[in-house]
Amino acid sequence: MQSVFIKNFTLPEMESWVESIGERRFRARQLFRHIYARRVRSWEECSDLSKMFRVQLEFGARINALKLLETREAADGTRKYLFELHDGHCIESVLIPDPPRQTLCLSSQAGCALGCNFCVTGALGFKRNLNVAEIVDQICQVQRDQPRLTNLVFMGMGEPLANYEAVSRAIQIMLDPNGMAFSHRRITISTAGLVPQLRRLGEDSPVNLAISLHAADDALRGQLMPINRTYPLTELMAACREYPLPPRKRITFEYILLDGVNDDPAHARKLIKLLYGVRAKVNLIPFNPHPDIPYRKPSEERILKFQEILQGAQLNALIRQSRGSDISAACGQLAARYCQP
Ligand code: SF4
């Protein structure tokens with residue numbers, strides 16, 4: 001039997017797989033419970049499975065897809081996990097405690113191809129897509145530290161919609177009541193704006209949507225985010241307007257405030273115009289300075305003024321202070337730089 005990463009399987013796939021090795025279908029649910037509810041580390045711990053089946057699993061199915069290399073904790077309690085993939089690439093995940101919330105920021109790719117110029121991950125370039133097991137194992141491994149994760153956000157390394165198949169299958173496992181049993185209200189996908197996949201996501205999945213916007217006109221957004229040259233704002237905003245949002249949900253627009261670049265009152269007014277008629281909320285994220293990135297954080301006064309203008313137009317706009325910047329765990333700072341092969 002060829003060895004597989006067991007966390008690559010959704011439940012229907014696991015049912016087919018157990019049948020293919022001569023076991024009954026219901027064993028798949030048992031395996032799901034052991035892996036995702038009990039979080040076993042070895043097949044020996046699954047004492048309700050026959051000895052023979054456990055031996056088969058021992059030789060044919062790997063539980064962990066990631067090797068934890070390092071955990072670092074910031075002064076504000078944010079924790080960054082550095083994982084090694086089986087081929088030597090590395091990724092990072094970030095746990096953000098904000099009681100009662102415990103949010104895990106997940107990576108979907110090693111590196112990123114989109115090259116947003118305010119982002120350290122973008123500067124790394126693209127290494128490869130993560131598979132399903134590598135995505136869900138970030139959750140399983142962090143749950144050993146923090147069993148009460150409440151929220152999952154795809155805002156770590158990579159563009160999740162550029163790895164659509166693996167991300168959407170991982171979400172099936174996250175939502176499966178026999179698997180991780182998260183509510184769709186607790187899962188957010190953040191995208192830089194891959195319009196075709198964004199439209200597909202709306203049809204496939206009820207999870208929350210966040211758009212990394214960062215500028216409200218094509219000229220500036222194209223400078224900051226090369227993806228805007230492929231999918232300009234008219235196309236992106238049309239997809240947002242047509243997105244099948246469930247009642248009471250809104251699309252979150254992330255806006256990193258860069259001093260003297262996109263933080264003038266005129267930029268705020270353009271943003272109001274752009275979001276007119278969209279069920280939107282805006283997260284304003286003051287930039288986290290990083291030695292490799294040539295931008296600065298705006299003054300407190302400019303940040304508050306920007307927020308005030310948005311709120312004056314009845315836009316729901318919150319200032320999100322990035323967490324964990326002293327350990328490079330804040331937005332756009334993930335580099336997994338210790339082990340890039
Ligand atoms: S901001 Fe997101 S999409 Fe842009 S380069 Fe960084 S990881 Fe990629």
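Biologist: Is D137 buried or exposed?
Modeller: D137 is buried, at 0% relative accessibility. Buried means under 20% relative accessible area, exposed means over 50%, and partly exposed is in between, with a 1.4 Å probe and protein chains only. The areas come from the Shrake-Rupley method with a 1.4 Å probe, and for residues only the protein chains shown count as cover.

Biologist: Before we go on, what sort of model is this?
Modeller: It is a predicted model, where local features need pLDDT of at least 70, side-chain atom pairs count only at pLDDT 80 or more, and totals for chains, interfaces and linings use all residues. Residues are numbered from 1 along each chain as its sequence is written, and side-chain values use heavy atoms, leaving out hydrogens and water.

Biologist: Back to the aspartate. Which side chain meets D137 in a salt bridge?
Modeller: K7 does, at 2.6 Å from N to O. A salt bridge here is a side-chain nitrogen of Lys or Arg within 4 Å of a carboxyl oxygen of Asp or Glu.

Biologist: What does the K7 and D137 pair tie together?
Modeller: K7 is in the loop between β1 (4-5) and α1 (11-20), while D137 is in helix α5 (residues 132-145), so the pair links parts that are 130 residues apart in sequence. Helices (H or I, at least four residues) and strands (E, at least two) are DSSP runs, numbered from the N terminus. K7 is buried as well, with a relative accessible area of 1%.

Biologist: How many salt bridges does the structure hold?
Modeller: It holds 20. One of them joins D145 and R79, whose closest N and O atoms are 2.6 Å apart. D145 sits in helix α5 and R79 in strand β4 (residues 79-84), so that pair ties together parts 66 residues apart in sequence.

Biologist: How accessible is D145? And R79?
Modeller: D145 is partly exposed at 41% relative accessibility. R79 is partly exposed too, with a relative accessible area of 24%.

Biologist: Now R128. What is its salt-bridge partner?
Modeller: D87, with the side chains meeting at 2.6 Å, N to O. D87 lies in the loop between β4 and β5 (90-98) and R128 in strand β8 (residues 126-129), so the two connect parts 41 residues apart in sequence. D87 is partly exposed at 34% relative accessible area, whereas R128 counts as buried at 17%.

Biologist: Which residues do salt bridges that share partners join into one network?
Modeller: D259, D263, D264, R296 and R302.

Biologist: New topic. Which residues of helix α3 are buried?
Modeller: F53, L57 and G60, in a helix that covers residues 51-60. Seen down the axis, they fall within an arc of 85°, so they line one face of α3. The arc is that of the directions from the helix axis to the C-beta atoms.

Biologist: What is exposed on the other side of α3?
Modeller: K51, M52 and F59.

Biologist: Surface charge next. Which residues gather in a patch of positive charge?
Modeller: R101, R185, R186, R248, R250, R279, K281 and R320. Patches take residues with over 30% relative accessible area and no salt bridge; like charges are joined within 9 Å, and nonpolar side chains (Val, Leu, Ile, Met, Phe, Trp, Tyr) within 5 Å. Lys and Arg count as positive and Asp and Glu as negative, with His and the chain ends not counted. A charge is placed at NZ of Lys, CZ of Arg, CG of Asp or CD of Glu.

Biologist: Where is R248?
Modeller: In the loop between α10 (233-241) and β12 (251-257). R248 is exposed, at 83% relative accessibility.

Biologist: Backbone now. Which residues does a cis peptide bond join?
Modeller: P99 and P100, with omega about 5°. P100 is in the loop between β5 and β6. Most peptide bonds are trans, and most residues other than glycine have a negative phi.

Biologist: What is the phi of A181? And of Q314?
Modeller: A181 has a positive phi near 60° and is not glycine. Its loop runs between α6 (164-175) and β10 (187-191), and A181 is partly exposed at 48% relative accessible area. Q314, also not a glycine, has a positive phi of about 65°. Q314 is in the loop between α12 (300-312) and β14 (316-319) and is exposed at 71%.
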